[in-house]
Structures are given as C-alpha cells and as structure tokens.
Amino acid sequence: MSPMDPILKVSDLRKDYVAGSECVHALDGLSLEVNQGEFVAIMGASGSGKSTLLHLIGGLDVATAGQVVVDGHDIAAMSDKDRTLFRRRRLGIIFQQFNLLPTLTAAENASLPLLVEGNGVSGMADAAEALLKKVDLGHRTSHRPQALSGGEQQRVAIARALINDPAVILADEPTGNLDSRHSQEIWELLAKLAHCESRTVVAVTHEPAGAAHCDRIMVLKDGKTLGEFRPETKGDAALVATRYAELVG
Ligand SMILES: Nc1ncnc2c1ncn2[C@@H]1O[C@H](COP(=O)(O)OP(=O)(O)OP(=O)(O)O)[C@@H](O)[C@H]1O
Ligand SMILES: [Mg+2]
C-alpha cells in the first residue's frame, strides 16, 4: 500500500438480506474512500444502510458483492478466523451501547482487547491508564461502569477501541444514548483523535451537531450514496442540518 492510497476503500458494495420471499437490498452498490486522519460522518434516514455499511467495513458481516479494503487488506478475501483477528487487532469499534463488563473497572474494561489477545498482564495497566488519561478519565480508572456517567462509560469504550492502535475507528451512533452535553464531549474527542493524532474515524450519526465536527459528511439513501458535503464551519450544526435537508429533499 502506498502512502497515497486511502486507508479505507469500499467499492461497489452490495448487501442483500433475504427474509422469507423478500429480498432487501440494504446496500446497493456503494463506494467510499477515506484517507488517513479523515473524520467522516455517515448520515441518512433509518433503514438507509448505515449500520450495514459499518458492519461490513468492520468485518462483522460479509458482503453479497463488492470490496472493502482496510489498510491494504481485502476483508472479504479473509477466512472467518483471519477477519476476526483483523477486526480485533486493526479496527476499533464503538457502538451506541457502551458494552462494558459491569464487574470490571474502567482500566480493566479498556484493557480487555489485550487480554483477549492473550497478552501478559505486564504493561497492560499502564497502557489502559494512559488511554483513560487521553480520554480525560485519568481520575476514574478504578471505577466500575455503574459508577460512571453515560459519557464517561462511552469514553471508556473509546479507550478500549484505541488500545490496539487501530488503523480505523468505526462508531455506530456513538452518542445515541447520551444527552447533548455528553454527546458534544464525545464528538470533540473523536475529532481530536482524527485531527491531532491522524486517526481515521468513520461515524454513523443522526445528529447534525455531531456530524458538524467531521471533515466530510456522506448521506445514504436506500443503500446508495445520495451525496456528500463538507461542513464549511466546524461545529455549525444548523448549517449541517440545512445542507442535509437540501440533499434529502
Ligand atoms: N439481519 C437483517 N435481515 C433482514 N433485513 C435487514 C437485516 N439487517 C438490516 N436489514 C434491513 O436492511 C436495511 C438497512 O438496515 P440498517 O440497519 O443498515 O439501517 P440504518 O441506516 O442503520 O438504520 P437506523 O438509522 O435505523 O439504525 C433496512 O431496511 C433493514 O430493515
Ligand atoms: Mg443503524
């Protein structure tokens, strides 16, 4: 892979779901390129294929046709085992539900991917603490999820997603369970990871206030790209809402 190649390349991606006699074209020939350090939002009406796209990029499901290449690796060409390992080692995935283990502390939850990899415990606590500091939770490392706010829990989930130094971070409605203040903090954190650390972030959202932090907004309709635009002024949610409404019509 040359340094000029996009870190993520999705080509003519199709995903059909067959339910009884019905076939849903959840993705209908979608293409997308994302460069290293870019922060891209995926928007679109409910059912437009946003989560399906993220699941296919994340190797959580397999496409009907088309290609997903992450960091030079063709996800579809991998065996199930290799795809699972690739996802664990090279991708950081964040969901609307924080999916933290209730009996583990913030530091233990953040280190979980290292444990799953069978790494020894030495250095694990330091790595988790450094990441928790990065997400402004240095003072909460020993707290269990129930003693953390929703925004704090999502920041632990972000630390967990970062612990394997992923090539791409994928987030599906990461602030869907948060109030607007905590949402804002999470979007600012994701933007910082992209713009200060050159991490690549692809985030699905319904929130113009979140998408306004991104470099580029791609809008889906019926499993296809309806269009895309760049927020001219970062953080201007009203502008994003207007451009989005114009596109969706
Ligand atoms: N496992 C499945 N079996 C059958 N159809 C499915 C399945 N998963 C998704 N679909 C259908 O595929 C389409 C796209 O679904 P997807 O979950 O990607 O939408 P979305 O854009 O993420 O929506 P939302 O904003 O509501 O989360 C929808 O019509 C949905 O009903
Ligand atoms: Mg969805």
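## An exposed serine

Ser198 counts as exposed because 11 C-beta neighbours lie inside 10 Å. The scale, with C-beta atoms placed from the backbone, is this: buried means 20 or more other C-beta atoms within 10 Å of a residue's own, exposed means 12 or fewer, and partly exposed is in between. Ser198 sits in the loop between helix 6 and strand 8 (200-204). Its phi is positive, about 60 degrees, although Ser198 is not a glycine.

This is a predicted model: local features need pLDDT of at least 70, side-chain atom pairs count only at pLDDT 80 or more, and totals for chains, interfaces and linings use all residues. Residues are numbered from 1 along each chain as its sequence is written, while chains are lettered from A and ligands numbered from 1 in the order in which they are written. Helices (H or I, at least four residues) and strands (E, at least two) are DSSP runs, numbered from the N terminus.

## A buried glutamate

Glu173 also has a positive phi, about 45 degrees, and is not a glycine. Its loop runs between strand 7 and helix 6. Is Glu173 buried or exposed? Glu173 is buried, because 20 other C-beta atoms lie within 10 Å.

## Helix 5

Helix 5 (residues 150-162) has 13 residues. At 1.5 Å a residue they should span 18 Å, and the end C-alpha atoms are 19 Å apart, which agrees. The expected span is 1.5 Å times one less than the number of residues.

Six strands form an open sheet in the order 6-7-8-3-9-10, with mixed pairing. Strands pair if DSSP finds at least two bridges between them. At the edges are strand 6 (91-94) and strand 10 (224-229), each pairing on one side only.

Strand 3 (residues 39-44) and strand 9 (residues 216-221) run parallel, joined by 5 bridges. Gly44 stands opposite Leu220 in strand 9.

## Around ligand 1

Gly44 is also one of the residues around ligand 1. Others include Tyr17, Val24, Lys50 and Thr52. A residue is near a molecule if its C-beta atom, placed from the backbone, lies within 6 Å of it.

Which element gives the most to this shell? Helix 1 does, with 3 residues.
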